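Hello,

Here is the structure you were waiting for. Please have a look before reading on.

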Amino acid sequence: QLKQFGNDQQLAAAAFNWGPARVQKAISKANKEGLTPNWDNILQVAWTPGETQKYVGKVQIKTNQYKA
């Protein structure tokens with residue numbers, strides 16, 4: 001997942017939880033809006049399940065703790 005989504009950990013985590021095809025569709029929506037296809041922008045342009053939003057947040061917290 002990480003390679004497929006350009007080493008973006010948040011997008012990879014979202015793809016793991018929500019499915020890579022859905023994340024790719026959301027990336028396409030962001031691109032059409034002229035936005036950088038990152039997690040924050042995807043949250044603005046595409047509906048994402050609450051479960052996925054929480055999962056991505058938890059993964060980010062754990063990643064930050066590991067790096068510290």
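Below are notes on the helix packing and the nonpolar core.

This is a predicted model, where local features need pLDDT of at least 70, side-chain atom pairs count only at pLDDT 80 or more, and totals for chains, interfaces and linings use all residues. Residues are numbered from 1 along each chain as its sequence is written, and side-chain values use heavy atoms, with hydrogens and water left out.

Start with H1 (residues 9-18) and H4 (residues 50-67). Helices here are DSSP runs (H or I, at least four residues), numbered from the N terminus. The axes of H1 and H4 come within 9 Å and cross at roughly 135°. Axes are lines fitted to C-alpha atoms over the stretch in contact, with angles from 0 to 180 degrees between N-to-C directions.

Leu11, Ala14, Ala15 and Trp18 of H1 contact Pro20, Arg22, Val23, Ala26 and Ile27 of H2 (contact means heavy atoms within 4.5 Å).

Now the core. The largest nonpolar core has 13 residues (buried Ala, Val, Leu, Ile, Met, Phe, Trp, Tyr and Cys joined through side-chain atoms within 4.5 Å; buried is under 20% relative accessible area, 1.4 Å probe, protein chains only). H1 gives the largest share, 5 residues. Val23 is among the residues with the most contacts inside the core. Val23 touches Phe5, Leu11, Ala14, Ala15 and Trp18, not counting residues up to four places away in sequence.

Best wishes

Conventions:
Helix = DSSP H or I, 4+ residues; strand = E, 2+ residues; numbered from the N terminus. Buried < 20%, exposed > 50% of the residue type's maximum accessible area, 1.4 Å probe, protein only.
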